[in-house]
Amino acid sequence: MTDILHVILLGIIEGITEFLPISSTGHLLIAEHWLGARSDLFNVGIQAGAILAITMVYWKRIWQLLTGWRDAATRSYLFKLVVAFLITCVLGLVVTHYGFKLPETVTPIAWALVIGGFWMIGAEQIAAKKPDRSEVTWPVAILVGVAQMVAGIFPGTSRSGATIFTALLFGTSNRAAATEFSFLVGIPTMYAATGYELLKVFKDGGAVHEDWTALGVGFIVSLIVAFIAVKWLLSYIRTHRYTAFAVYRIALGAALLLLMPTGA
């Protein structure tokens with residue numbers, strides 16, 4: 001029963017943090033420091049629940065993009081999504097080829113949370129001084145692709161945070177437009193990453209001793225919570241800035257640096 005409660009808690013954490021700009025990977029690594037480490041397949045599985053949730057939220061927009069490609073504006077937007085995704089894939093394969101591994105200690109995550117929080121505040125301040133612009137330009141699309149890869153190799157950075165604020169800083173000053181592009185480009189990116197990790201886990205035999213009940217519970221919890229979290233966020237940003245999330249990141253990172261032993 002205690003283990004299932006831990007699984008539910010991890011599913012809730014993943015669901016809340018996957019698309020809020022506060023770093024899901026960072027929060028899961030921090031949580032597992034106290035709740036016990038989970039298998040790679042478990043972590044991939046609960047992430048898949050969050051990905052399915054965002055797909056459900058945006059299914060109308062996705063269908064519009066796939067069926068409206070004859071429209072020049074729709075076709076351009078779709079191409080920009082594809083290019084951003086491909087940039088992330090290529091850079092991710094390069095990083096993987098050279099054997100880069102995610103840190104498993106809390107300290108680098110804490111620093112990433114703090115630095116990312118200040119980056120968010122600065123980027124939003126700059127974006128607020130620019131004319132409201134919803135267009136996603138090619139430079140924005142390219143830089144968002146790069147930002148996704150950077151977030152992938154530095155836990156605590158936050159994929160959504162890195163991409164949203166890159167878009168805000170480099171031309172798409174409208175929060176809703178920047179957020180939509182970030183979430184849409186994240187869908188194929190996270191499906192690809194999840195598929196890659198699943199293949200790797202099954203190839204290495206990691207699925208043999210997996211607790212499939214725990215994985216299923218975590219998946220469902222993550223799916224439900226992520227759906228609610230994204231719906232709430234999309235409503236919230238219509239009238240609010242991301243400043244509260246930045247402050248939270250800085251406070252959490254600072255607390256971890258103060259409370260955690262050196263090298264933990």
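Visitor: What is the mean pLDDT of the protein?
Guide: What you see is a predicted model, and pLDDT is the predictor's confidence in each residue. A value of 70 or more is reached by 95% of the residues, and the mean for the protein is 88.

Visitor: Which element has the highest mean pLDDT?
Guide: Let's begin at the other end of the scale: helix α2, residues 24–35, has the lowest mean, 83. The highest mean, 94, belongs to residues 212–236, which form helix α10.

Visitor: Which element gives the most residues to the lining of the second largest pocket?
Guide: This pocket holds about 300 Å³ of space. Among its 16 lining residues, Ala112, Ile115, Val150, Phe154 and Thr157 are the closest to the centre. Two or more lining residues come from each of α6 (106–128), α7 (138–153) and α8 (159–169). With 7 residues, the top contributor is α6.

Visitor: Which element gives the largest share of the nonpolar surface patch?
Guide: The patch covers about 500 Å² and is made by Phe79, Trp138, Ile142, Val146, Val150 and Phe154. Val150 sits in helix α7. The largest share of the patch, 4 residues, comes from that helix, α7.

Visitor: How far apart are the closest N and O atoms of Arg38 and Asp3?
Guide: The structure has 3 salt bridges, and Arg38 forms one with Asp3. This pair links distant parts of the chain, 35 residues apart: Asp3 is in helix α1 and Arg38 in the loop between α2 and α3. Their closest N and O atoms are separated by 2.6 Å.

Methods. Residues numbered from 1 in each chain as written. Predicted model: local features only at pLDDT ≥ 70, side-chain atom pairs only at ≥ 80, totals over all residues. Heavy atoms only, no water. 1 Å grid on protein atoms, 1.4 Å probe; cavity = no way out; pocket = protein on both sides within 12 Å on 5 of 7 lines; lining within 4 Å. Points joined across faces, edges and corners; volume = space filled by probe spheres on them. pLDDT = per-residue confidence, 0-100. Patch = residues over 30% accessible without salt bridge, like charges linked within 9 Å, V, L, I, M, F, W, Y side chains within 5 Å. Areas by Shrake-Rupley, 256 points an atom, 1.4 Å probe, with all protein chains shown as cover. Salt bridge = Lys/Arg side-chain N within 4 Å of Asp/Glu carboxyl O.
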